[in-house]
Every structure is written in structure tokens, then in C-alpha cells.
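How do you get from a number to a word such as "buried"? Take a look at the protein below and keep that in mind.

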Amino acid sequence: MDWRHTRNVAVVAFSFHGNFNFFWMRFLERRFPGNSVRMVVRKLFLDQTTAAPLATSVFYTGVSFLEGKEDIFQDWREKFLNTYKTGLMFWPFMQFLNFSMVPLYMRTTFTGCCAFVWATFLCFSRQSGDGTANAALAWMFTPKQDTTTEPEAEKLGPKVDQTGPKVDQTGPKPDTEGPKPENPSPKEETNTHR
């Protein structure tokens with residue numbers, strides 16, 4: 001768990017994204033009231049052409065700024081376009097539900113829940129992805145390989161040769177059954193009668 005990165009993402013989310021979503025939803029509803037098809041399409045169009053690029057840009061540059069990077073626009077230049085395209089596969093569907101079916105007083109909350117899922121993707125994208133959904137899916141569904149380092153492997157025990165017969169490298173096994181009775185040798189019959 002990278003607590004420093006978690007803190008930086010939380011600062012950006014609470015200081016900008018939460019407030020921005022609240023005022024953005026309020027602006028859209030006042031400017032385009034109701035949930036008719038015409039109004040929903042207008043809200044969706046504005047949301048994807050204005051709010052989405054702004055929110056993504058603030059995420060990449062804000063977290064880079066908090067991490068003290070010299071070039072706070074590096075992640076934005078490398079990943080913004082891919083992230084925006086990936087967002088077009090997620091946000092229009094979520095916001096369509098939001099603008100057409102979610103009651104007005106719950107819209108900011110619904111957006112926040114969707115944003116939590118989206119923020120998980122953004123964090124992955126920023127740390128090890130390229131902003132594409134394919135990178136995230138490949139990471140999620142690729143079997144994990146053993147990444148144990150050599151010193152850790154030694155602590156775990158001896159290695160077993162997987163290509164040939166198994167070799168016991170633990171040494172002789174201790175006798176745990178206790179002393180075994182001696183096998184009686186056959187008695188030699190002696191002729192005492194002469």
C-alpha cells in the first residue's frame with residue numbers, strides 16, 4: 001500500500017473533484033432542466049467535451065504537483081488522450097443513467113460513486129498503465145507470477161526440481177517411532193539330552 005500516493009489522490013479528489021462535480025451538476029441542471037431526450041443529450045455533450053477533459057487534466061497534473069515532479073505535465077502528455085478515449089467508454093453511459101433516471105438530489109452522489117470506480121482506473125493508469133482500458137484488463141486478468149526474491153526463497157525452504165524426480169534435500173528423517181524391538185534370532189536348539 002502506497003500511503004503517500006493515496007494521500008495525494010485524496011487531496012486532489014477532495015479539494016477539486018468533489019466540489020467541481022457538485023457545482024457542475026448544479027450548473028447543468030439549471031441551464032438544461034429536466035430529463036427529456038433533448039436536455040439529456042445536451043448535458044451529455046457538455047459533460048464529455050468540457051468536464052471530462054478538465055477533470056482528467058486536473059488529476060494528472062495535480063497528483064504530479066503533489067509528488068513534486070519537475071515536469072507536472074509529463075503524465076498528462078503521455079496518458080491524457082488514451083485516458084480520455086477510455087473515459088468515453090465509461091462516462092457517457094453512467095451520465096446517461098444519471099441525467100435520465102437518477103433523482104436530482106442524488107445526482108452528485110451517483111456521480112461520486114462512479115468517480116470512485118474511475119479513480120481506481122486512473123490510479124492504475126498513472127502508476128503502471130498507459131491510460132487504455134486494455135492495459136487495465138490485461139493487468140487484472142493475467143495470472144500473477146511468483147515474484148519472490150532469492151533471499152525470500154531461501155527462507156521458504158529447499159527448491160524442488162520440477163523437471164525430474166523429486167529429490168529430498170532435507171537430509172535423513174529422524175526416527176519418530178521410538179526404539180524398535182530387536183528381531184529375535186532363531187534359537188539354536190541344543191541337545192541337552194545325551
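The questions and answers below go through this predicted model.

Q: What makes up the fold of the protein, helices or strands?
A: Helices. The protein has seven helices and zero strands. From the N terminus on, the elements run α-α-α-α-α-α-α.

Q: How do you know that the length of helix H5 agrees with its number of residues?
A: Helix H5 covers residues 107–127, which is 21 residues. The rule is 1.5 Å times one less than the number of residues.

Q: What does the chain look like where UniProt places a "transmembrane region"?
A: The unreviewed UniProt entry places this feature at residues 6–24 and 104–124. Residues 6–24 are 100% helix, with end C-alpha atoms 25 Å apart. Residues 104–124 are 86% helix, and their end C-alpha atoms lie 31 Å apart.

Q: Why is asparagine 98 called buried?
A: Buried means under 20% relative accessible area. Asparagine 98 has 0%, so asparagine 98 counts as buried. This residue lies in helix H4, residues 91–101. Beyond its neighbours up to four places away in sequence, asparagine 98 touches Met25, Arg107, Phe110 and Thr111.

Q: Why is threonine 86 called buried?
A: The cut-off is under 20%. Threonine 86 has 9% relative accessibility, so threonine 86 is buried. Its place is in helix H3, residues 74–87. Leaving aside neighbours within four places in sequence, threonine 86 is in contact with Trp118, Phe121, Gly131, Thr132 and Ala133. One of these, phenylalanine 121, is 35 residues away along the chain, with 9.8 Å between the C-alpha atoms.

Q: What makes arginine 107 and glutamate 29 a salt bridge?
A: The cut-off is a side-chain nitrogen of Lys or Arg within 4 Å of a carboxyl oxygen of Asp or Glu. In this pair the closest N and O atoms are 2.4 Å apart, so the pair passes. Arginine 107 lies in helix H5 and glutamate 29 in helix H1, so the pair ties together parts that are 78 residues apart in sequence.

Q: Are these two partners buried or exposed?
A: Buried. Arginine 107 has 7% relative accessibility, and glutamate 29 has 13%. Glu29 and Arg107 are also linked with Lys43 in a network of salt bridges.

Q: How do you know that aspartate 75 and lysine 69 form a salt bridge?
A: Their closest N and O atoms are 3.2 Å apart. The limit is 4 Å, so the pair counts. Aspartate 75 is buried at 5% relative accessible area. Lysine 69 is partly exposed at 32%.

Q: Why is arginine 77 called exposed, while aspartate 71 is called partly exposed?
A: Exposed means over 50%, and partly exposed lies between that and the 20% limit for buried. Arginine 77 has 52%, so arginine 77 is exposed. Aspartate 71 has 28%, so aspartate 71 is partly exposed. Their side chains meet in a salt bridge, at 2.3 Å from N to O.

Definitions and conventions
Residues numbered from 1 in each chain as written. Predicted model: local features only at pLDDT ≥ 70, side-chain atom pairs only at ≥ 80, totals over all residues. Heavy atoms only, no water. Helix = DSSP H or I, 4+ residues; strand = E, 2+ residues; numbered from the N terminus. UniProt positions renumbered as here; feature names shortened; annotations may be inferred. Buried < 20%, exposed > 50% of the residue type's maximum accessible area, 1.4 Å probe, protein only. Contact = heavy atoms within 4.5 Å.
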